[in-house]
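Keep the 3D view open as you read.

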Amino acid sequence: DYLAAKKEHALYLIYSGGDDAFVVGKWDKLIDFSKQLHTDFHEFTKNPNVHFSAGLYLGDPHYPVGRFYRDAGRLQDAAKDSNRDKDRVHIFNQPLTWKGYRSKINFGTGLAKMLSKGDGKDTRKLTMAFAYRLLQLVKTSFFERNDVSKGEKRGGINMPRFARNVANMRYLFARHGYDHAETEKVLDGVEKELINDFLRSFDFDSKNDMNKVREYLVALNYALYTIRSQKNSDYENR
């Protein structure tokens with residue numbers, strides 16, 4: 001309750017009992033809160049075998065609390081069921097470890113800064129349209145719904161589509177001035193790190209490597225949500 005009510009989070013603790021809790025608030029504050037809660041929890045327990053999973057539901061502010069309470073609960077269950085070790089978090093339709101969660105949120109933070117500078121006039125500037133195209137390429141590389149008759153599971157790899165999208169993704173980067181040679185020569189700092197990190201993730205050797213590509217949905221969605229929030233805030237403050 002103390003952590004949720006802190007000024008930097010300003011969240012509402014609706015329910016806390018047993019080993020469950022339900023917290024409501026602004027989407028980015030919830031993400032920051034969940035990371036801090038996970039850190040504080042492990043500093044308190046000092047036991048890696050004691051852990052928890054979480055589901056973060058992001059929806060319209062007019063959506064009834066009673067309904068997204070159940071939605072968040074389903075995401076929490078999906079996080080736990082996604083791996084036998086549990087200790088995971090589910091956000092943007094993707095379950096991942098807490099370490100992976102932090103990594104992709106950090107990646108998304110850096111990407112949002114790059115997107116905010118892109119104005120479309122310089123070919124070597126990331127734009128919102130470019131980020132949306134990347135999001136589409138990652139998302140369509142996997143099945144988005146279960147199909148029992150075909151044995152397809154949501155989140156499973158669509159191999160033919162994945163292979164095509166790898167080629168499409170590399171072409172997209174090259175068209176925007178981010179081919180490998182130019183990246184090494186021209187870019188520096190966080191921009192070089194982000195672009196190379198994304199490109200390396202598609203140099204896969206196994207299905208496990210391919211599955212990790214889907215985690216970039218978290219980074220891309222976080223970056224796009226951040227930019228939209230900034231634009232809405234600027235509009236409201238006019």
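Helix H5 passes helix H6 in a left-handed crossing; that term applies if the near helix is turned anticlockwise from the far one by less than a right angle, and clockwise makes it right-handed. This is a predicted model, where local features need pLDDT of at least 70, side-chain atom pairs count only at pLDDT 80 or more, and totals for chains, interfaces and linings use all residues. Residues are numbered from 1 along each chain as its sequence is written, and side-chain values use heavy atoms, without hydrogens and water.

**The helix pair**
- The axes of H5 (residues 128-139) and H6 (residues 159-175) come within 10 Å and cross at roughly 165°.
- H5 is therefore roughly antiparallel to H6 (an angle over 145 degrees).
- Phe130, Arg133, Leu134 and Leu137 of H5 make the contact with Asn165, Asn168, Met169, Leu172 and Phe173 of H6 (contact means heavy atoms within 4.5 Å).
- These contact residues divide into 6 nonpolar, 2 polar and 1 charged.

**The sheet**
- An open sheet of 3 strands has mixed pairing and the order E3-E4-E5 (strands pair if DSSP finds at least two bridges between them; a strand is a DSSP run of at least two E residues, a helix one of at least four H or I).
- Strands E3 (54-55) and E5 (94-97) are at the edges with a single partner strand each, so one side of each has no neighbour in the sheet.
- Strand E4 (residues 88-91) runs antiparallel to E5, joined by 4 bridges.
- Isoleucine 91 has glutamine 94 in E5 as its bridge partner.

**Helix across the sheet**
- Helix H4 (residues 98-117) lies across E3, E4 and E5.
- H4 runs at about 110° to E5 (angles go from 0 to 180 degrees between N-to-C directions).

Technical notes:
Angles under 35 degrees count as roughly parallel, over 145 as roughly antiparallel, 65 to 115 as roughly perpendicular and the rest as oblique. Ala, Val, Leu, Ile, Met, Phe, Trp, Tyr, Cys and Pro count as nonpolar, Asp, Glu, Lys and Arg as charged, and the others, Gly among them, as polar.
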